[in-house]
Amino acid sequence: MPKRLPRLFAAPSESPGFLLWQAANRWQQRQRAALASLGLTPVQFVLLAGAEDDTPLTQARVARHARADVMMTSQVIRGLERRRLVRRVPHPTDTRARVLRPTAAGRKLARRAAYVVDDADRAFFEAVGADRARLAEALGALAGVGEEPV
């Protein structure tokens with residue numbers, strides 16, 4: 001057995017995984033900075049925006065849609081509830097479940113945040129120019145878009 005594993009890449013800058021990690025960190029920094037002016041974190045924005053739907057959405061369903069941890073989702077939703085941005089109401093058909101409903105203030109904030117996030121995305125992805133659609137397709141494949149969330 002060899003003492004060292006053979007290197008797949010000569011340098012970190014050749015590793016797609018390392019580059020993806022660096023790009024994701026840089027993107028997240030830009031998202032956090034953009035949303036800070038609205039008093040939201042990226043996770044709060046995703047969950048608040050995810051709760052805005054015409055169908056009854058439970059907390060578990062919003063977490064699956066966002067591919068977020070259920071316990072973390074619960075904590076974030078509680079914080080949004082304390083800020084009066086969402087409320088939990090009885091589910092229309094399942095007496096054990098609660099449905100998430102954004103308040104008027106929550107809907108307004110989610111819409112404002114969507115524009116802020118879109119602007120930040122547009123600025124960040126300008127670096128890839130015309131390859132943006134191909135990049136989105138490749139990232140969608142890596143992220144499992146179209147697959148049932150686990």
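Two residues are in contact when heavy atoms of the pair lie within 4.5 Å. This definition is applied here to a predicted model.

Neighbours within four places in sequence are set aside. Leu48 is then in contact with Leu80, Leu85, Val86, Gly106, Leu109 and Ala110. Leu48 also belongs to the largest nonpolar core, which has 19 residues. Within this core, Leu35, Leu40, Leu48 and Leu80 touch the most other members. The most comes from α5, which gives four residues. In soluble globular proteins, nonpolar side chains tend to be buried together.

Helix α2 was examined next. Its buried residues are Gln44, Phe45, Leu47, Leu48 and Gly50. These buried residues pack against several elements, namely α1 (16-36), α3, α4, β1 (86-90) and α5. Two of the helix pairs are described below. Two packed helices are described by the angle between their axes and the distance between the axes.

The crossing of α2 past α5 is left-handed. On the α2 side, the contact is made by Phe45, Leu48 and Ala49. On the α5 side, it is made by Gly106, Leu109, Ala110, Ala113, Ala114 and Val117. Eight residues of this contact are nonpolar, one is polar and none is charged.

The second pair is α2 and α4. Their axes come within 10 Å and cross at roughly 85°. The two helices are therefore roughly perpendicular to each other. Helix α2 contributes Val43, Gln44, Leu47 and Leu48 to the contact. Helix α4 contributes Met72, Thr73, Val76, Ile77 and Leu80. By class, seven residues are nonpolar, two are polar and none is charged.

Gln59 lies in helix α3 (residues 59-66). Its relative accessible area is 15%. Buried means under 20%, so Gln59 counts as buried. Residues up to four places away in sequence are again left out. Gln59 then touches Val70, Thr73, Ser74, Ile77, Arg88, Arg98 and Leu100.

Ala141 gives a contrasting case. This residue is in helix α6 (residues 132-143). Its relative accessibility is 58%, so Ala141 counts as exposed. Ala141 and Thr55 are 86 residues apart along the chain. Their C-alpha atoms are separated by 27 Å.

Backbone angles were also considered. Most residues other than glycine have a negative phi. Arg67 has a positive phi of about 55°, although it is not a glycine. Arg67 is found in the loop between α3 and α4. With a relative accessibility of 43%, Arg67 counts as partly exposed. Arg84 also has a positive phi, near 60°. Its place is in the loop between α4 and β1. Arg84 is exposed, with a relative accessible area of 66%.

Definitions and conventions. Residues are numbered from 1 along each chain as its sequence is written. This is a predicted model: local features need pLDDT of at least 70, side-chain atom pairs count only at pLDDT 80 or more; totals for chains, interfaces and linings use all residues. Side-chain values use heavy atoms; hydrogens and water are left out. A nonpolar core is a set of buried Ala, Val, Leu, Ile, Met, Phe, Trp, Tyr and Cys residues joined through side-chain atoms within 4.5 Å. Buried means under 20% relative accessible area, exposed over 50%, partly exposed in between (1.4 Å probe, protein chains only). A crossing is left-handed if the near helix is turned anticlockwise from the far one by less than a right angle, and right-handed if clockwise. Ala, Val, Leu, Ile, Met, Phe, Trp, Tyr, Cys and Pro count as nonpolar, Asp, Glu, Lys and Arg as charged, and the others, Gly among them, as polar. Axes are lines fitted to C-alpha atoms, for helices over the stretch in contact, and angles run from 0 to 180 degrees between N-to-C directions. Angles under 35 degrees count as roughly parallel, over 145 as roughly antiparallel, 65 to 115 as roughly perpendicular and the rest as oblique.
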